[in-house]
Amino acid sequence: MQSRLDPERERVLTEEARRDPEALRELYDYYFPKVYAYIGYRVGRVQDIEDLTSETFLKAIEKLDGFVWQGEGSFPAWLFRIAHNLASDFYRRGQVAEESVPLEELPELEDNTLSPAEAFLRKERLALFRRLIGTLSRRRQEVITLKFFGGLHNKETAEVLGLDERTVASHLCRGLGDLHRRYVHELMGTKEGR
Amino acid sequence: MMNEENELTERERGLLEEIEQILANERGERREADSLYGFCAHLASTVPRADDDFRQRLESRLVARLQQQVSMGEARPPWFQRLALAVGRIRQALQPKGGMTLKWGLAFAALAVLVITVSTVAFVPSVRAQVGEILNTWFHFKSPGGGWEVALSGPAKFTPLQPTYLPDTVLSGLVSTVGSVTTGAEDEVGLFFGNPDDQWLYITQRPALAERALPEGQRVQVNGREAVLLTGQSGVLVGPPRPLEEILGEKLALPPGCLEAMAAESEPGKEPAPLPPECQQAIEEAGGIAIINDATYRTRPIGPPEMEYENAMRLIWYVGAVKVDILSNLPEEEMLKVAESMVPVEAGEGESPFGPPLDPPLR
């Protein structure tokens, strides 16, 4: 996982990216994979992920003049709030398919050293995790996806969702506990079914 | 506020630490998913990855958009750059005083029963910071036809002028806006009259520089003062009015206390205080709000309006300490008539004695 941007560097970049394409590129290079992964888990289909990722960054550029640096973590919190709002709108508009997304429509995974068979299994796992995460409360889904795929710290997640940091930690622990239980239950069911 | 349900157990705290390690250690740790820790590692190994082609295409698109924004920003009248951000403050600025003074920025007027327009509205922290630059100077604009009056206050360092004559074709036009902005040396007041699709006038005024230079062009007289008329002007005017109906979305219920908090943080002479997080969040989730007649509306996301013009004329001259620049598609004779009708608006210091601007006719 890429280490975090140095906060001072990030502050300068957020200033310069309002006019300087190079600064914009540097910010984009760092945050694009995270935004894509987060949205990927939220919406599933590649086409939808690409649409929402594009919209997130276009909106971010449009609003960047209004962004005010408020210390470390303020930029990812701001950026992911845009992504979160767009993903939430997408849900509200009922554009997220209720049925599970076919494997071929899911995105590729970060690890590109896998053999085709391993990649297929990993994608199946992604589909399963997505489905199980979808059974959690909306809040817990958001906390887990922001943490694991957006790469946000709990404090940043708290800012995105307007929650207390400890509430985020609590949702995270309990959400993961629930998710794990459902996963184990699912695996047991699969084994028993054989 | 913390409650017992949010208290973490020892095991949960251990889990949080473990998650941080998992996420910091390349995610793909191989463990059995039977354990919660192993499960987290498995979860972290399923990070979606974008297609490189998409990534590059989006990057190019973003860079192009940025360059477009930068060039548009440079071409845009300075007052318009702030106009959009001032709209939503009208009502809240009025609230605490019970009077009319607009602390900064913009007021609107409707021409008779015609549609009033606004531009996009957004509340962003940098805007609230700018609102701190307040001078208690007020200006009172009146419609030449008597249909409206608008009071505007702000940090302008000169007294603007307004036409007392407008051709019927403009008076019966769709819209009218008045806006101003002051940022350092860039004091400017902008007035737009008429209909972007028909006849219109866009008057900008700023403090005259010492040399009072006029560009090359046809010399004409405006009330005995030398002026320059430039013909065959074409370009893009960013910021003509948009009908209110295009901008306003549904009514919005802000969390309790937000309107009061917004009003309080725009008190003159005080460092703007941050809005409560729930208000900030509600506003950001809305994508922008406008407050009109105590009702809060979500603003629809639309880009800055643009108006392409061709074969227009510009008339530039000085009146006292003010440089006046009229851009219009009116005939030369009418343009000069408007120019000659311009007089300083009524102005004063302190609280304005006038009532609030006309309420926009919401449909």
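Is Asn311(B) buried or exposed? Select Asn311(B) to start: at 64% relative accessibility it counts as exposed (over 50%; buried is under 20%, partly exposed lies in between, with a 1.4 Å probe and protein chains only). Asn311(B) sits in strand β16 (residues 306-319) of chain B, and its phi is positive, about 55 degrees, although it is not a glycine. Helices (H or I, at least four residues) and strands (E, at least two) are DSSP runs, numbered from the N terminus.

This is a predicted model, in which local features need pLDDT of at least 70 and side-chain atom pairs count only at pLDDT 80 or more, while totals for chains, interfaces and linings use all residues. Residues are numbered from 1 along each chain as its sequence is written, chains are lettered from A and ligands numbered from 1 in the order in which they are written, and side-chain values use heavy atoms, with hydrogens and water left out.

**Other stops in chain B**

Asn223(B) counts as partly exposed, at 44% relative accessibility.

Now select Gln199(B), in the loop between β8 (188-194) and β9 (200-207) of chain B. Gln199(B) is buried, with a relative accessible area of 18%. What is Gln199(B) in contact with, leaving aside its neighbours within four places in sequence? Show Thr169(B), Val170(B), Phe193(B), Gly194(B), Asn329(B), Leu330(B) and Pro331(B); contact means heavy atoms within 4.5 Å.

Helix α2 (residues 36-44) of chain B is mostly covered, with eight of its nine residues buried. Among them are Phe39(B), Cys40(B) and His42(B).

**Chain A**

Color chain A by element. It has eight helices and one strand, in the order α-α-α-α-β-α-α-α-α from the N terminus. Of its 194 residues, 55% count as buried.

Select α3(A), residues 46-63: its 18 residues reach 25 Å from first C-alpha to last, close to the 26 Å expected at 1.5 Å a residue (1.5 Å times one less than the number of residues). Its buried residues include Asp48(A), Glu50(A), Phe57(A) and Ile61(A).

Move to α7(A), where six of eight residues are buried: Asn154(A), Glu156(A), Thr157(A), Ala158(A), Val160(A) and Leu161(A). Just after α7(A), Gly162(A) takes a positive phi of about 70 degrees.

**Where the chains meet**

Show both chains together. Here 63 residues of chain A are in contact with 49 residues of chain B. The area buried between them is about 5400 Å², of which carbon and sulfur atoms give 61%; buried area is the accessible area (1.4 Å probe) that two parts lose on being put together, summed over both.

The rule finds two salt bridges across this interface; a salt bridge is a side-chain nitrogen of Lys or Arg within 4 Å of a carboxyl oxygen of Asp or Glu. Select Arg55(B) and Asp29(A), which form a salt bridge with the closest N and O atoms 3.6 Å apart.

Finish on the side of chain A that touches chain B. The elements that each supply at least two of its residues include α2 (21-43), α4 (74-92) and α8 (165-193). The most come from α8(A), with 13 residues.
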